[in-house]
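Visitor: I am new to this structure and would like a close look at a single part, the place where the two chains meet. Could you take me through that part slowly?

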Amino acid sequence: MTKIDDSKELKVSAIQNGTVLDHIPSNQLFRVIDILKLNESSDAITFGINLDSKSMVNKGIIKIANRFFCDNEINMISLIAPNASVNIIHDFKVAEKKIISLPEKVTGIVKCMNPACVTNHQNIETQFTTTRKNNKIGLVCRYCEKITEI
Amino acid sequence: MPKSLISIQDFTKDEILHIMEVAKDFEKDKSQPILSDKVIACIFFEPSTRTRLSFETASNRLGARVVGFPDESHTSVQKGESLKDTIKMISNYADLIVIRNPLEGSARYASEQSSVPVINAGDGANQHPTQTLLDMYSILQTQGSLDNIHINIVGDLKYGRTVHSLLQAMSNFSPRFTFTSPEELKLPKEYKMFLDKKNIPYQESKNLLKHLNNTDILYMTRIQKERFTDPIEYEKVKNIYCLEASMLNNVKNNMKILHPLPRVNEIKEDVDDTPYAYYFKQAENGVYVRMAIISYLLGKR
């Protein structure tokens with residue numbers, strides 16, 4: 001019989017191949033699911049929230065089997081989970097760690113904060129270009145030209 | 001997508017100078033029916049006096065026919081028609097669309113839906129680029145050049161869209177700015193950062209008289225009641241600047257007073273008869289500048 005090491009017990013079961021999104025703030029996990037449209041996915045997905053980790057309290061984690069994201073897709077979550085880590089898993093091992101970065105353009109996802117903006121009155125998908133000022137992320141609306149701060 | 005004019009930054013410095021040259025030609029020869037085969041739609045979702053009439057006058061002087069509406073009360077918008085559908089349809093009727101709509105960003109959206117050029121005639125507090133171009137034309141015509149002008153902008157520097165567009169567009173011509181406003185209506189930080197980045201000198205003042213005598217262009221603005229959420233705040237500042245003829249005894253000979261109009265109390269009527277008043281001529285210039293913009297976007301000039 002093999003010895004079970006309690007400390008290695010995984011709270012969310014391992015995947016053979018796929019993507020693990022770790023260190024997501026727990027309160028943003030469901031938004032990450034929305035942004036990546038995981039609720040429409042047919043892949044096997046497991047997730048956990050309010051887990052302890054060395055680097056953060058209340059972290060969230062999502063494991064998606066057999067799914068690999070392109071950079072544009074994954075960078076969208078930088079708006080709400082800037083410190084998330086992205087691990088590409090092949091054969092139960094981390095094959096690659098990706099660093100997420102702020103995308104140049106953001107389409108949909110975020111609403112414009114300007115109540116007079118046309119996107120808040122007509123059926124229009126929002127479009128923003130991103131700016132970073134004093135470590136604050138700003139989204140410049142393509143339409144009303146106002147900045148929405150994240 | 002055809003070239004449209006939605007934001008002043010859609011035009012390069014060369015395009016701005018080109019519009020100025022063409023406008024000069026239209027001022028010399030006011031009726032040039034070069035667009036006699038064109039239909040121009042002027043669609044105004046909120047009322048306007050000067051802007052709509054000057055666009056319609058400009059279209060008529062170019063020989064084009066005008067269709068449209070002066071407010072949305074007699075349109076299918078009342079039945080719940082979307083802006084997208086309205087624009088799709090009108091761009092099938094007309095060769096160019098002039099749009100004013102209080103929703104910010106509506107003109108940019110219209111230009112994406114339209115198969116013909118769109119001119120933004122004001123989208124709420126956002127942009128009003130033809131006003132900026134006629135302001136620049138008025139500066140050029142009164143000062144002989146757009147370069148190295150000392151512009152003193154007075155009044156509502158916080159909400160005034162004409163102020164923000166004017167300083168962005170003039171930043172190509174090494175100006176010097178004085179910003180005269182009460183504390184509550186100071187120029188927002190992002191515009192000061194913009195000027196800093198471009199190394200354009202400016203000073204801020206609360207006193208209208210202090211920098212009057214070395215100003216080339218005195219750009220007066222109305223304190224806009226509709227931009228205030230707190231009526232007490234408005235009452236505090238509404239009559240803070242009131243220019244009178246007696247204040248103009250020692251101003252520079254070339255000094256001219258501009259105002260996007262309508263004015264309320266900020267310029268007394270006795271100023272109208274001084275050689276420095278230029279605001280009515282400025283409004284007239286709007287026709288020539290709009291003639292130039294329309295014919296440029298339709299590829300005729």
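Guide: What follows is a walk through the interface of chain B and chain A. This is a predicted model, in which local features need pLDDT of at least 70 and side-chain atom pairs count only at pLDDT 80 or more, while totals for chains, interfaces and linings use all residues. Residues are numbered from 1 along each chain as its sequence is written, chains are lettered from A in the order in which they are written, and side-chain values use heavy atoms, with hydrogens and water left out.

The contact (heavy atoms within 4.5 Å) takes 14 residues from chain B and 14 residues from chain A. Together the two chains bury about 1,200 Å², with 49% of it on carbon and sulfur atoms; buried area is the accessible area, taken with a 1.4 Å probe, that two parts lose on being put together, summed over both. Of the area that chain B buries against chain A, B:Leu103, B:Glu104 and B:Tyr109 supply 44%, more than any other three residues.

B:Glu104 also takes part in a salt bridge, its side chain meeting that of A:Lys146 at 3.4 Å, N to O, where the rule asks for a side-chain nitrogen of Lys or Arg within 4 Å of a carboxyl oxygen of Asp or Glu. Across the whole interface the rule finds 2 salt bridges.

On the side of chain B that touches chain A, α3 (83-93) and α4 (106-113) each supply at least two residues, these helices being DSSP runs of H or I with at least four residues, numbered from the N terminus. The largest share, 4 residues, comes from α4(B).
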